[in-house]
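Subject: Structure handover

Hello,

Please find the structure below, with the sequence alongside. My notes on it follow.

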Amino acid sequence: MRVLLKMNNLQEYLAGLLDDPCNEVVEQAVAYGMIPLGYTCSLIPEPVLSAGRLFPLRLRAPGVSGTETADIYLSSVICSYTRSLLELALDSKYDFLKGWVFAASCDHLRRLYDNLGYLNKPEFSFILDVPHKNNEAAMEWLELELEKLRTALSSHFNIDMSDEVISTSIKENNIMLAELRSIGDMRKEAMPLFTGTEFHRLMMALQAAPRKLLSDIPGRFRDAALKRGGAGKFRARFMIVGGELDDPAYTGVIESMGGRVVADRYCTGSFPGLEPISESGKPLAAIALYILEKNRCPRMMEEFDRRADYIINIAREYSADGIIIQTIKFCDTWGVESSLLVAALRDAGIPVLRLEREYRTGGEGQLRTRVQAFIESMKK
Amino acid sequence: MTKKYYAGCDIGSTTGKAVIIDDEGIVASAIIPREIDPEETARLSLSRVIEKVSGLDNISDVAYLVGTGYGRSEISFAQENVSEISCHALGAFFCNPAIKTIVDIGGQDVKGIAVNEDGSVLEFAMNDKCAAGTGRFFEAMSRIFRLELDDFSEISLKSKSPLSVTAQCSVFAETEVISLLAQKNLPADIAAGIQAAVAKRCFTLLKRVGIRPEVTVTGGCAKNRGLLKALEGILKEEITPLSVDPQLMGALGAAVYARRLAASLRV
């Protein structure tokens with residue numbers, strides 16, 4: 001690996017990992033005999049997909065320029081994230097994957113699962129059914145679902161997925177999460193040592209390549225940030241909230257107008273993504289509990305107040321001056337949630353900017369104007 | 001003591017606007033068609049306005065310059081840039097402090113702006129990546145009628161029975177309007193239907209920020225009387241006219257920001 005002592009060099013390396021679904025580290029892992037599995041939702045437990053020789057890749061659609069082929073198969077109200085994934089799948093960009101694991105988290109991604117099934121059937125495909133409520137029956141159901149996933153993976157790939165193996169995977173995963181959490185906590189400082197874009201790139205790279213082969217990266221990131229000693233001036237501290245956001249360039253546009261993203265609560269972000277899974281008890285039960293208790297996805301019923309309080313508390317803890325809610329057009333889950341959230345956050349005295357966008361970062365001029373006007377309206 | 005002048009320069013998608021103010025009020029203004037390079041548009045519009053002010057020979061004679069509009073960040077010789085949303089709010093507030101709600105209809109976008117008691121922005125909403133209801137939309141529509149924009153606006157006022165134009169997309173609206181003309185419908189009724197469709201779109205945007213009187217319209221399309229009439233109809237209240245050309249509102253707001261910023265530097 002190149003010498004990555006300076007933040008600029010490290011960022012360049014991380015950005016390179018995000019240019020293509022199959023980057024150099026993935027290729028290296030495959031050459032070592034590791035098995036790449038794609039997944040599309042935070043409800044999929046990474047430790048299960050990291051057992052033994054398996055490794056998970058959060059599916060993104062870098063470089064997608066249009067979705068003309070996917071549009072033939074998907075209805076016009078399916079979100080552009082789903083559309084972009086199908087487009088690249090039909091372009092054979094994910095053919096290196098040995099399997100796809102979905103969650104029945106939204107109708108859009110379920111349609112992706114269906115369409116892949118008859119257009120470009122993966123070698124292995126599994127959809128995890130996740131309850132909408134958090135209660136005893138839901139817990140029991142989810143444990144059974146996870147058991148089915150374990151059995152399917154174990155028999156298809158001929159891999160030991162015993163409780164011991166999954167427990168080890170949880171432990172290893174928690175170590176990485178703890179390290180990332182402690183870096184994320186550095187954003188509480190009055191003058192954070194790194195930008196939100198740099199942190200976003202770190203988070204995404206670690207979801208786009210096997211973490212086992214990048215275990216030194218968080219440490220290098222921290223060292224480079226400390227060595228640099230500062231990330232420049234800004235006018236306002238922001239928290240970004242919403243669904244899928246896997247392009248650091250979007251955070252970059254926000255920060256180019258004087259914002260500094262100090263906290264994030266979106267599907268691929270650090271909240272609640274970096275919360276640990278319990279290492280005690282049966283591992284699948286611990287994972288089920290984590291999904292139902294910690295994930296805080298808006299698809300869960302009867303938990304809006306808890307989710308809003310979670311966001312408000314983080315915004316205060318990280319001294320965010322304002323919150324930017326970004327949602328992909330036609331995302332039902334976050335579309336409904338964000339309408340309620342705007343009111344709840346404003347009631348809590350937090351300025352809010354709500355942005356609807358397409359999956360691919362575009363319309364930068366309008367985004368810049370909106371963010372600049374938001375900062376000005378806060379008199380920053 | 002030498003008299004001080006402050007300038008605002010609004011580089012929009014179709015025109016460049018410049019306003020010079022002093023400590024009393026507006027001194028001069030200029031509107032020019034846009035050049036390809038935003039910085040060149042800024043330079044030309046400022047040169048045009050500077051020519052009108054005795055005592056000013058070039059841009060550097062201005063005490064403070066603020067750029068705004070889509071090309072704001074390209075004006076390298078401006079001391080500051082401020083978003084057009086804040087500038088339209090402050091410009092309208094400068095003209096009439098009673099203004100609380102603004103529809104800014106520019107060449108390539110439409111914005112609804114709620115204004116604070118001090119002229120700052122309380123809330124705003126913008127149209128999304130679509131030319132419907134913008135200056136470009138009206139240009140395309142008037143071309144179908146083979147009319148200048150002013151004439152298009154005037155014929156819409158003569159309609160007694162506006163037709164319903166349902167398409168929001170500029171391209172589909174063009175097709176729909178051509179069909180309506182082919183069916184021998186009165187151009188006045190079609191034009192009024194177009195104005196009503198755009199007014200409804202503006203109304204929806206305003207609902208998102210909250211409608212509080214007094215309401216005004218800024219941007220180049222504020223000169224479209226047919227649109228103002230349609231908007232008054234849907235709002236059920238009068239649009240407050242501004243004392244200054246509404247197309248200059250962004251540049252005026254930028255000039256007022258320039259004066260404020262210059263004053264804060266003096267303190």
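Between domain 1 and domain 2 of chain B there is one salt bridge. Please bear in mind throughout that this is a predicted model. A salt bridge joins the side chains of B:Glu84 and B:Lys111, with an N to O distance of 3.8 Å.

**Domains of chain B**

Domain 1 of chain B is made of two segments, 6-88 + 247-266, and domain 2 covers 99-241. Taken over C-alpha atoms, the centres of the two domains of chain B are 27 Å apart. On the domain 1 side, eleven residues are in contact with 16 residues of domain 2 of chain B. The area buried between these two domains of chain B is about 1,100 Å², and carbon and sulfur atoms give 58% of that area.

Which residues of domain 1 of chain B lose the most area to domain 2? They are B:Ile85, B:His88 and B:Gln247, which together account for 53% of what the domain 1 side buries.

Four residue pairs are in polar contact across the interface of domain 1 and domain 2 of chain B, with both residues of each pair at pLDDT 80 or more. On the domain 1 side, the elements that give two or more residues are α2 and α8 (249-266) of chain B. Of these, α2(B) gives the most, with four residues. By class, that side of domain 1 of chain B has four nonpolar, five polar and two charged residues.

**Contact between the chains**

The contact between the two chains takes 18 residues from chain B and 15 residues from chain A. About 1,300 Å² is buried between chain B and chain A, and carbon and sulfur atoms give 44% of it.

How many salt bridges are there between chain B and chain A? The count is two. B:Glu123 forms a salt bridge with A:Arg346, and the closest N and O atoms of this pair are 2.8 Å apart. Nine residue pairs are in polar contact between chain B and chain A, both residues being at pLDDT 80 or more.

On the side of chain B that touches chain A, the elements giving two or more residues are α2 (84-95) and β8 (121-126) of chain B. The largest share, four residues, comes from β8(B). That side of chain B divides into five nonpolar, six polar and seven charged residues.

Chain B has eight helices and nine strands. Its radius of gyration is 19 Å, close to the 18 Å from the globule rule for 267 residues, so chain B is as compact as a globular protein of that length. Along its principal axes, the C-alpha trace of chain B spans about 65 × 35 × 30 Å.

Chain A has 15 helices and eight strands. The radius of gyration of chain A is 20 Å, close to the 21 Å that the globule rule gives for 380 residues, so chain A is as compact as a globular protein of that length. Its C-alpha atoms fill a box of roughly 60 × 45 × 45 Å along the principal axes.

**Salt bridges overall**

Over all chains, the search of the whole structure finds 33 salt bridges. One within chain A links the side chains of A:Asp107 and A:Arg110, at 3.6 Å from N to O. A:Asp107 and A:Arg110 are three residues apart in helix α6 (residues 107-119) of chain A, so about one helical turn separates them.

**Backbone points to check**

Most residues other than glycine have a negative phi, and most peptide bonds are trans. A cis peptide bond joins A:Phe271 and A:Pro272, with omega about -10°. A:Pro272 is in the loop between β6 (259-265) and α12 (283-293) of chain A. Another cis peptide bond joins B:Pro213 and B:Glu214, with omega about 5°. B:Glu214 is in the loop between α6 (187-209) and β9 (215-218) of chain B.

A:Glu302 has a phi near 60°, a positive value in a residue other than glycine. This residue, A:Glu302, is in the loop between α12 and α13 (304-317) of chain A.

Regards

How values were computed. Residues are numbered from 1 along each chain as its sequence is written. Chains are lettered from A and ligands numbered from 1 in the order in which they are written. This is a predicted model: local features need pLDDT of at least 70, side-chain atom pairs count only at pLDDT 80 or more; totals for chains, interfaces and linings use all residues. Side-chain values use heavy atoms; hydrogens and water are left out. Contact means heavy atoms within 4.5 Å. Buried area is the accessible area (1.4 Å probe) that two parts lose on being put together, summed over both. A salt bridge is a side-chain nitrogen of Lys or Arg within 4 Å of a carboxyl oxygen of Asp or Glu. A polar contact is a pair of N or O atoms within 3.5 Å; within protein, one must be able to donate a hydrogen and the other to accept it, and residues adjacent in sequence count only if both atoms are side-chain atoms. Ala, Val, Leu, Ile, Met, Phe, Trp, Tyr, Cys and Pro count as nonpolar, Asp, Glu, Lys and Arg as charged, and the others, Gly among them, as polar. Domain bounds come from an automatic or database domain assignment. The radius of gyration is taken over C-alpha atoms; the globule rule is 2.2 Å times the number of residues to the power 0.38.
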